[in-house]
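Welcome to my notebook. I opened this structure for the first time today and jotted down what I looked up, entry by entry.

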Amino acid sequence: MSKNLKIIALISCIGWLAFIFAAFRGYHFWYEGFVILFWFFLGILNYDQHTSLWLFKNKPRRFFTLYSFLFIFFFFIDFVVAQKLANLWYYPYHNSLARLIEIYLLYPFSGLPVLELVYFISSIFNEKLNFIKEPFRGWHKLIDYIEIASFPLVVLLPLVLSILRLNHIADALVWGFIFWLVIATIKFKYHIKHWFHFVAIFIVAAIISIFLNEIPNVGTYEWIYNDIPISALNRHILGVPLWIQLGWYVFVLLMLKFWMHFVLKERS
């Protein structure tokens, strides 16, 4: 890493730490600055691995394709499914159109640091994340078909239940994603080397993400979570509901799935 990049990384690190400190001091709009600077910081550290910041600088068209997909996908999941249909959370201080637009324009940047964390942790343990192709047969074929079928079902199920005016939208969504995370975790076995090591890396990335993204919000409430009908998953650990903590592992898997589809498959 060049001296200039080291200086920029240091400034970025000070910046995202400052926004976390601001959250603990009660600043309700801390998250937007945090995710941009945290992504930039990790992107610089991972730059030689050709991750998302490298893609932004050197392959802007591909980066914009990925960003556009993430924007549309997370707008649908967050605004339509999670808020309007399942009533999982809301943003008490983002009560204007401009604030809402800001949220969803920055939403992809809440996912990219998760991706960068996976690369950063894997580099510490000298594990390289590559997409591999295995013969499409046997268990690989079955797991792929289940994952391909289950993911759109999980995403669209709340919409179907709402149209039919049925209850249990929130718990159907949560249990659906729990089922998908099991299948998706198994599926990665056929697409990355040292699968067991990377599952451990995914879990560590999710735990770090919980600490950095959720703990500062406890008491600041830029966003507020509602209870879900599955009472066991409403238990709080360090102020964060258990179902949200599981959700961060889902978030890690989703970002890796999209990264593999839009970027790694093209390089393999």
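**Entry 1: Glu147 and its surroundings**

Leaving aside its neighbours within four places in sequence, which residues is Glu147 in contact with? I found Trp180, Ile183, Ala184, Lys187 and Lys257. Before going further, I noted that I am reading a predicted model.

I then looked up where Glu147 sits, and its place is in helix H7, residues 138-163. Is Glu147 buried or exposed? Its relative accessible area is 2%, so I wrote it down as buried, the cut-off being under 20%.

Next I turned to its side chain. A polar contact of 3.0 Å joins it to the side chain of Trp180. Another polar contact, of 2.8 Å, joins the side chains of Glu147 and Lys257.

**Entry 2: Salt bridges**

How many salt bridges does the structure hold? I noted 3. As a reminder to myself, side chains of opposite charge can pair when their charged atoms come close.

I began with Lys187 and Glu147, whose side chains meet in a salt bridge at 2.9 Å, N to O. Lys187 lies in helix H8 (residues 169-187) and Glu147 in helix H7, so this pair ties together parts that are 40 residues apart in sequence. Both Lys187 and Glu147 are buried.

Then I looked at Lys257 and Glu147, and their side chains meet in a salt bridge too, at 2.8 Å, N to O. Here Lys257 lies in helix H10 (residues 242-267) and Glu147 in helix H7, so the pair ties together parts that are 110 residues apart in sequence. Lys257 has a relative accessible area of 24%, so I listed it as partly exposed. Salt bridges that share partners join Glu147, Lys187 and Lys257 into one network.

I also looked up Glu102 and Arg99, whose side chains meet in a salt bridge at 3.3 Å, N to O. Both lie in helix H5 (residues 97-106), 3 residues apart, which is about one turn of the helix. Glu102 is partly exposed, with a relative accessible area of 27%. For Arg99 I wrote down partly exposed as well, with a relative accessible area of 27%.

**Entry 3: Phe29**

Arg99 came up again when I turned to Phe29. The place of Phe29 is in the loop between helix H1 (3-24) and helix H2 (31-45). Phe29 and Arg99 are 70 residues apart in sequence, and I noted 9.9 Å between them in space, C-alpha to C-alpha. Apart from neighbours within four places in sequence, Phe29 is in contact with Tyr93, His94, Arg99 and Glu222.

**Entry 4: Helix H9**

How far apart are the end C-alpha atoms of helix H9? I found 26 Å. At 1.5 Å a residue, the 19 residues of this helix (residues 195-213) should span 27 Å, which agrees.

I went through its buried residues next, among them Phe198, Val199, Phe202, Ile210 and Asn213. Asn213 took my attention, so to speak: it lies in helix H9 and counts as buried at 5% relative accessibility. Its side chain makes a polar contact with the side chain of Tyr31, at 2.5 Å. The side chain of Asn213 also reaches the backbone oxygen of Ser209, at 2.8 Å. Beyond four places in sequence, the contacts of Asn213 are Trp30, Tyr31, Phe34, Val35, Trp223 and Trp248.

**Entry 5: A nonpolar patch**

Which residues form a nonpolar patch on the surface? I listed Ile203, Ile207, Phe211, Ile237 and Leu238, with about 470 Å² of accessible area together. The largest share of the patch, 3 residues, comes from H9. I looked up Leu238 separately: it lies in the loop between strand E3 (236-237) and strand E4 (240-241). At 56% relative accessibility, Leu238 counts as exposed.

**Entry 6: Val81**

Val81 is buried, with a relative accessible area of 0%. Not counting residues up to four places away in sequence, Val81 touches Phe76, Ala86, Val155, Pro158 and Leu173.

Methods. Residues are numbered from 1 along each chain as its sequence is written. This is a predicted model: local features need pLDDT of at least 70, side-chain atom pairs count only at pLDDT 80 or more; totals for chains, interfaces and linings use all residues. Side-chain values use heavy atoms; hydrogens and water are left out. Helices (H or I, at least four residues) and strands (E, at least two) are DSSP runs, numbered from the N terminus. The expected span of a helix is 1.5 Å times one less than its number of residues. Buried means under 20% relative accessible area, exposed over 50%, partly exposed in between (1.4 Å probe, protein chains only). A polar contact is a pair of N or O atoms within 3.5 Å; within protein, one must be able to donate a hydrogen and the other to accept it, and residues adjacent in sequence count only if both atoms are side-chain atoms. Contact means heavy atoms within 4.5 Å. Patches are made of residues with over 30% relative accessible area and no salt bridge: like charges are joined within 9 Å, nonpolar side chains (Val, Leu, Ile, Met, Phe, Trp, Tyr) within 5 Å. Accessible areas come from the Shrake-Rupley method with a 1.4 Å probe; for residues, only the protein chains shown count as cover. A salt bridge is a side-chain nitrogen of Lys or Arg within 4 Å of a carboxyl oxygen of Asp or Glu.
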